[in-house]
Amino acid sequence: MSTPSLASFILKKPWLKNAMMPLANWYCNAAGYRALGLRADDLIPEESETVLLALSRLDQKESYDRVFRLRRAFQYSLQHQLLPKDQRTKPEEDIAYLSPIIREIEQEAKERLDLETLVPKKK
């Protein structure tokens, strides 16, 4: 999950952010997940233990909404249709809800590993 990213560098430079935003919006629209009503975090594969633990930490409403979005997208995909424009995910609705939890779990695992490998020093 933790891959190198230029996002933090780009976000620190306002001129670079302004130059990259049209490209980022085009890419999100071209990816097509918003036309099926999905959010970006809905596309994270559920194959790792970290993601499964993050999914278990979601509150009940967010978990239900995720399952609803995935089932609806699957159904429309089987029918080779897109959602009506008023039901599609808008850019302001496409917020990260799972990624912060995944980062928190990875930090906890790193901290746990650091504490387990800590060697006490005698004076």
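The lining of the second largest pocket is made up of 1 nonpolar, 3 polar and 5 charged residues. Welcome to a predicted model, where local features need pLDDT of at least 70, side-chain atom pairs count only at pLDDT 80 or more, and totals for chains, interfaces and linings use all residues. Residues are numbered from 1 along each chain as its sequence is written, and side-chain values use heavy atoms, with hydrogens and water left out.

**The pocket**

**Helix α4**
- Helix α4 spans residues 60–78 (helices are DSSP runs of H or I, at least four residues, numbered from the N terminus).
- Its buried residues are Glu 62, Arg 66, Arg 69, Arg 72 and Ala 73 (buried means under 20% relative accessible area, exposed over 50%, with a 1.4 Å probe and protein chains only).
- These residues lie on the same side of α4 because they cover an arc of only 140° around the axis, taken from the directions from the helix axis to the C-beta atoms.
- On the other side, Gln 60, Tyr 64, Arg 71, Phe 74 and Leu 78 are exposed.
- Just after α4, His 80 has a positive phi of about 55°.

**Helix α5**
- In α5, Ser 99, Ile 101, Ile 102 and Ile 105 are buried.
- The face turned away from them carries exposed Gln 107, Lys 110 and Leu 115.

Note on methods
Ala, Val, Leu, Ile, Met, Phe, Trp, Tyr, Cys and Pro count as nonpolar, Asp, Glu, Lys and Arg as charged, and the others, Gly among them, as polar. Helices (H or I, at least four residues) and strands (E, at least two) are DSSP runs, numbered from the N terminus. The expected span of a helix is 1.5 Å times one less than its number of residues.
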